[in-house]
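Let us walk through this structure one part at a time. Keep the sequence and the 3D view side by side.

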Amino acid sequence: MNSRGSAAGGRGPGLCGLLSILASMVLCAGCARPPAPAKLQIAAAADLNFAMQEIARDFHQQHPEIDLQPAFGSSGNFYAQIQNHAPFDVFLSADVDYPRKLAAQGLGVADSVFVYALGRIVVWVPAQSALDPATALKAAAVRHVAIANPQHAPYGRAAEAAMRSLGVYDSVEGKLVLGENVAQTLEFVESGAADVGIVALSLAIAPPVKDRGRYWEVPLAAYPKMEQGGMILHDSAAAREFRSWLLAPGGRATLQRYGFYLPGK
Amino acid sequence: MDWQAIWLSVRLAVSTTFILLALGLPLAYWITFSRRRWKFLVEAVVALPLVLPPTVLGFYVLLAIGPRSPAGALYERISGSILPFSFQGLLVASVLYSLPFMVQPVAAGFAAVDRRLLEASWCLGVSHLATFRRVLAPLAMPGIATGAILSFAHTMGEFGVVLMVGGNIAGVTRTVSISIYDQVQALDYAAAGETSLVLLGLSFTVLALTYALQRRIWAVWPLS
């Protein structure tokens, strides 16, 4: 009994001490240090993966008060999540249709929809392949051609349209395998399971992929323009700052370096 | 409604369950009765698919059965085609993915059988195989049935592995979970809801039927 009593007596001040430390931490968080940078949550399409790292770094250098926090995924997934009020500040979709649909539903900031880039597609083969990317789609030895799923991936729709206008779709149709997104499509080809794939230029020239394969750029005229669009979901000065930076020369140069055409060029 | 995908998933799940019965029963028998010191290593390997994310498992299966791996190259030389993006490839992946769901309940079922009954059978001159068939398997039937149900159900709902090795070919590798995912991605929520409802109904019916049958099994062969 005695020992239990003293143990309980010892616990009281300990708990109080812990609580007061916690309380002082909470109180001091707001006062002692300079204000923490505003965090901007960005839902970004998977093809922006590599460009976004540089964009985030450059933007933060010029705007140290704003910290970009990108999350990458499929635009369709983000669309469904944003419909259910996912806490993103800015949505950078691979297809401007998604932001337009959100705006039509009254979600996000009205009139904030913008087009920031045009996607480009390439025919890609692994470095050790004997195929020439320019003619690989017609090669008889090819058993599997990987594209992103045209049902929901913008790059898949572009690939399908390009194959139709290049006149190879009928011979390739039976060989198609569909990646869930354009990055998985690349993985199908890189692993050797598929012989050739149609992927985003932004992936083909990204640093980790550049040396692992060869590509042929599909002429822009062969497929409908892939407008990549975005919108502001939660209005703030930081979000507006980021939007105008992305559309100004600094952001545009980075996007161009990572394989996107620029709108209005 | 994508009946083709539902039918494909049913075929995949049934084939996987039968292959796992053929592979899993001997493996579970060995795990239960072996006295090897390194048995724990085998048990750990069998349990790995429980822990690994399906996408990781799928990625490694894709590399392992692809034309650049020795096993994939051998398969290509024998059959003339490659394993990824085929029903057979999915079957290999599903068997690996559901292995613990078969082996663990069956091994638990074997371990629960009174060892004296097995020893009595052996002492009476009945072979190990006949003892397995006539004493061990009937007594461990609830465990075997559980393993079979879990393998079937687990394969029906398989998503990440199929996504990684399947390539989404209609009628060949587009299983019902992939089809539902595509419908959601294409913003066709109504179709996704319908297909999900059919999958839910089908899964519930199969599970309810099997559990009902299992009660009869218990009634015929009481465990205690």
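Start with helix H2 of chain B, residues 39-51. Helices (H or I, at least four residues) and strands (E, at least two) are DSSP runs, numbered from the N terminus. H2(B) has 13 residues and spans 19 Å from its first C-alpha to its last. That is close to the expected 18 Å at 1.5 Å a residue. The expected span is 1.5 Å times one less than the number of residues.

This is a predicted model: local features need pLDDT of at least 70, side-chain atom pairs count only at pLDDT 80 or more, and totals for chains, interfaces and linings use all residues. Residues are numbered from 1 along each chain as its sequence is written, while chains are lettered from A and ligands numbered from 1 in the order in which they are written.

Now look along H2(B) again. A kink of about 30 degrees sits at Val45(B), shortly before the proline Pro49(B). The bend at a residue is the angle between axes fitted to the seven residues ending there and the seven starting there. Is the helix in the open or buried? Of its 13 residues, 0 are buried, so H2(B) lies largely in the open. A residue is buried if 20 or more other C-beta atoms, placed from the backbone, lie within 10 Å of its own; it is exposed at 12 or fewer, and partly exposed in between.

Turn to chain A. Chain A has 10 helices and 10 strands. Of its 265 residues, 41% are buried. The domain assignment, automatic or from a database, gives domain 1 (38-118 + 225-257) and domain 2 (121-217). Their C-alpha centres lie 27 Å apart. Where they meet, domain 1 of chain A supplies 9 residues and domain 2 of chain A supplies 11. Contact means C-beta atoms, placed from the backbone, within 7 Å.

Next comes the inside. A nonpolar core is a set of buried Ala, Val, Leu, Ile, Met, Phe, Trp, Tyr and Cys residues joined through C-beta atoms within 7 Å. The largest has 119 residues. Val90(A), Ile121(A), Val182(A) and Val199(A) have the most contacts inside it. Helix H5 (residues 87-112) of chain B gives the largest share of this core, 13 residues. Both domains of chain A also give residues, so the core lies between them. Val90(A) touches residues including Leu40(A), Ile42(A) and Phe242(A).

Finally, see where the chains meet. Here 15 residues of chain A are in contact with 17 residues of chain B. Helix H3 (75-83) and strand S7 (176-179) of chain A each supply at least two residues of chain A's side.

Definitions and conventions: Two residues are in contact if their C-beta atoms, placed from the backbone, lie within 7 Å. Lists of a residue's contacts leave out its neighbours within four places in sequence.
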